[in-house]
2 protein chains.
Amino acid sequence: MINTSFILRNTLISICLAGVISGCSITPHQSKTLTIAQQGNFAAGGKVIQNAGQFDDTQLFNPQGQTLHGDHASVFYQIPEHARPYPLVFLHGAGQSAKTWGTTPDGREGFQMLFLRQHFSVYVVDQPRRGQAGQSTVAAEVLATTNDQAWFNMFRLGQYPNFFKGVQFSQDSTALNQYFRQMTPNTGAYDEQVISDAMVEVLKKSGDAVLITHSQGGGPGWWTAIKSNQVKGIVAYEPGSGFVFPENELPEPMPSATGTLSPTPVKMTDFQKLTRVPIIIYYGDNIPTEKNGYAGQQNAGQDNWRVRLKMAQLWVDKINQHGGKAQLVHLPDMGIYGNTHFPFSDLNSEQIAEQLSQWLHKNKLD
Amino acid sequence: MINTSFILRNTLISICLAGVISGCSITPHQSKTLTIAQQGNFAAGGKVIQNAGQFDDTQLFNPQGQTLHGDHASVFYQIPEHARPYPLVFLHGAGQSAKTWGTTPDGREGFQMLFLRQHFSVYVVDQPRRGQAGQSTVAAEVLATTNDQAWFNMFRLGQYPNFFKGVQFSQDSTALNQYFRQMTPNTGAYDEQVISDAMVEVLKKSGDAVLITHSQGGGPGWWTAIKSNQVKGIVAYEPGSGFVFPENELPEPMPSATGTLSPTPVKMTDFQKLTRVPIIIYYGDNIPTEKNGYAGQQNAGQDNWRVRLKMAQLWVDKINQHGGKAQLVHLPDMGIYGNTHFPFSDLNSEQIAEQLSQWLHKNKLD
């Protein structure tokens with residue numbers, strides 16, 4: 001029962017990590033098993049609220065005098081054998097949870113597994129007021145609003161009910177079913193400061209890390225790096241909001257079919273914190289640009305991203321103007337076509353992962 | 001870098017699994033690493049609701065004509081190397097999520113890890129309308145009600161602010177902080193049928209399994225076994241509700257300080273399905289019974305369990321009367337003291353896990 005392929009692979013990893021073979025990466029299929037050194041869960045950050053009065057233990061569910069612990073992040077982490085120095089800390093976007101990084105809608109391994117196999121420690125977060133971190137200090141209504149089709153369009157799978165030609169999403173109905181069921185609501189109002197405060201606490205437990213965000217997680221991502229010097233690099237997939245600019249150097253707001261995208265003004269001292277670490281932003285395909293002549297012809301879901309891609313480019317330029325090292329990658333410009341709003345779980349996710357591995361390596365974050 | 005302790009352990013496991021050493025179990029500390037063959041996430045079950053009208057993609061968030069996928073369970077699973085034939089499928093209780101089975105409040109490995117180390121495949125579920133499975137087809141209000149102290153008492157940590165003498169819960173303040181932050185609300189009304197319907201679908205993906213429930217998960221657990229013959233055994237930690245009895249053999253309702261506990265009437269043909277598989281129920285300490293003379297002296301949180309322990313004993317007797325194989329273990333009667341409502345994550349959780357391993361082995365479920 002002795003697993004000789006394990007021994008071989010283990011030896012190869014040792015050689016790689018010893019730097020004997022430069023730039024080497026272990027292809028995920030060489031060994032199907034994954035050895036975990038440690039795994040677990042923790043809550044990070046949050047606050048405690050208290051009701052006035054005296055707790056009466058003969059009326060257990062009378063709130064007077066009682067407390068509530070809420071607004072923390074919930075984290076699941078795995079540390080592989082021979083873990084690289086910086087963990088990857090993943091923060092999902094709107095309507096999502098840690099599951100975003102798990103199994104892809106069409107059933108393949110997600111970034112959580114792909115990067116564990118590459119010997120990164122992986123921390124996947126449910127942000128405050130979401131998923132398993134649902135205990136909020138502010139009340140909310142959860143409306144069972146029918147909006148699958150809106151997300152289908154907004155996430156650039158196509159124009160419902162049609163998928164875009166060449167889209168990197170499985171057209172097997174089980175994939176769309178899994179994708180829709182990955183969504184989960186806010187249990188308290190969305191708040192970038194509450195989220196980034198909790199993320200600062202996550203990093204105190206994970207140690208210095210590379211922060212990887214998606215979509216609405218972009219804004220909290222920048223704020224986390226402003227608040228904490230434990231962020232050593234930021235990777236943002238399709239950031240959707242929270243573009244922070246120096247308060248005296250704001251770009252014009254950008255109207256779109258889904259509302260106006262406005263920059264967030266911040267103090268220069270805060271903005272400059274974002275020039276300290278390498279940053280990369282990725283956007284996928286089917287986003288209208290002046291160059292591709294789609295302006296005016298696209299659907300509302302696509303138009304949402306037109307202004308975000310534009311704002312993100314201004315943001316990257318601003319970061320670099322102030323001495324930073326930010327980069328924006330528009331995947332079709334690199335010959336990578338068909339990506340939706342979720343490049344990391346699209347059909348070509350292994351190619352997207354390889355892009356990320358190379359960036360991490362180039363920036364000495366691996 | 002060749003890990004000889006891995007080889008030794010791997011060989012020992014092979015000998016154990018070959019049955020050469022009877023009843024052997026691998027102590028969790030022999031090797032710190034854990035080898036995973038497969039890991040991932042999926043949504044199971046649920047329904048789709050649709051709003052009347054026609055979807056208008058120029059008004060993305062107008063719900064007319066749109067659908068919503070909700071009421072599914074969300075599952076995270078891990079399959080270890082040399083996995084035993086039946087996976088363990090874990091269903092949490094009220095105000096909890098899959099995290100219940102993860103790291104204990106005081107930072108030790110939970111049942112998820114302990115049983116993975118024992119080579120069981122482990123599936124941890126967020127039930128419909130909870131945690132990462134938050135997308136519900138019915139709306140709800142999430143109230144940020146202050147109720148930490150109620151749960152402290154209800155979960156039998158003590159009588160707030162005092163812990164019970166000898167309680168199996170860490171009195172380090174970080175443990176209580178983690179414990180309170182493990183709670184997460186319903187995002188739609190609790191419904192035993194919605195939950196058990198989704199659990200049936202979970203089992204279609206996991207394969208025949210042993211179902212392990214906690215607290216409010218008890219009722220959905222019995223219903224899952226009524227609906228699906230893929231349940232091969234049931235382990236219920238402190239079941240709190242949903243005690244199903246044949247409709248013509250109902251025990252009297254039992255009043256308590258937290259309300260009246262009533263049995264759930266079911267058809268005899270349904271009840272009899274529960275006589276097909278081995279069932280074990282565990283209750284911990286500090287529950288008032290006539291025997292221990294606490295009746296009338298206990299706090300409301302404890303009194304809640306007085307009637308549940310009593311009802312559970314009647315239930316076990318009823319199952320056995322009808323040809324089943326159910327057993328109730330009241331841990332103090334076995335000389336195991338101090339357990340709270342969460343025996344599997346208490347300080348003596350390894351002893352509780354060993355109890356479970358022995359029961360699984362005795363019932364040929366391992």
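Which residues does B:Leu68 touch, not counting residues up to four places away in sequence? Keep that question in mind as you open the structure, which is a predicted model.

**Stop 1: B:Leu68**

Select B:Leu68, which you will find in strand E3 (residues 67-70) of chain B. Now show what surrounds B:Leu68. Leaving out residues up to four places away in sequence, B:Leu68 touches A:Ala144, A:Thr145, A:Thr146, A:Asn147 and A:Asp148 in chain A, and B:Lys47, B:Val48, B:Ile49, B:Gln135 and B:Ser136 in chain B. Is B:Leu68 buried or exposed? B:Leu68 counts as buried because its relative accessibility is 2%, and the cut-off for buried is under 20%.

B:Leu68 and B:Glu252 are 42 Å apart in space and 184 residues apart in sequence.

**Stop 2: where the two chains meet**

Next, colour chain A and chain B separately and look at the interface. Here 88 residues of chain B are in contact with 88 residues of chain A. The area buried between the two chains is about 7000 Å², and carbon and sulfur atoms give 53% of it. On the chain B side, select B:Gln132, B:Thr146 and B:Arg181: these lose the most area to chain A, together 12% of what that side buries.

What kinds of contact are there? Between chain B and chain A, 47 residue pairs are in polar contact, with both residues at pLDDT 80 or more. How many salt bridges does the rule find across this interface? The count is zero. Strand E1 (residues 34-44) of chain B gives the most to the side that touches chain A, with nine residues. By class, that side of chain B has 43 polar, 35 nonpolar and 10 charged residues.

**Stop 3: the paired strands**

**Stop 4: B:Asp303**

Finish at B:Asp303, in helix H8 (residues 300-321) of chain B. B:Asp303 counts as buried because its relative accessibility is 5%. Show its side chain and the backbone of B:Ala257: a polar atom of the B:Asp303 side chain lies 2.8 Å from the backbone nitrogen of B:Ala257. Not counting residues up to four places away in sequence, B:Asp303 touches B:Ser256, B:Ala257, B:Pro288 and B:Gln298.

Notes. Residues numbered from 1 in each chain as written. Chains lettered and ligands numbered in written order. Predicted model: local features only at pLDDT ≥ 70, side-chain atom pairs only at ≥ 80, totals over all residues. Heavy atoms only, no water. Contact = heavy atoms within 4.5 Å. Buried area = accessible area lost by both parts, 1.4 Å probe. Salt bridge = Lys/Arg side-chain N within 4 Å of Asp/Glu carboxyl O. Polar contact = N/O pair within 3.5 Å; in protein donor to acceptor, adjacent residues only side chain to side chain. Helix = DSSP H or I, 4+ residues; strand = E, 2+ residues; numbered from the N terminus. Nonpolar A, V, L, I, M, F, W, Y, C, P; charged D, E, K, R; others polar. Buried < 20%, exposed > 50% of the residue type's maximum accessible area, 1.4 Å probe, protein only.
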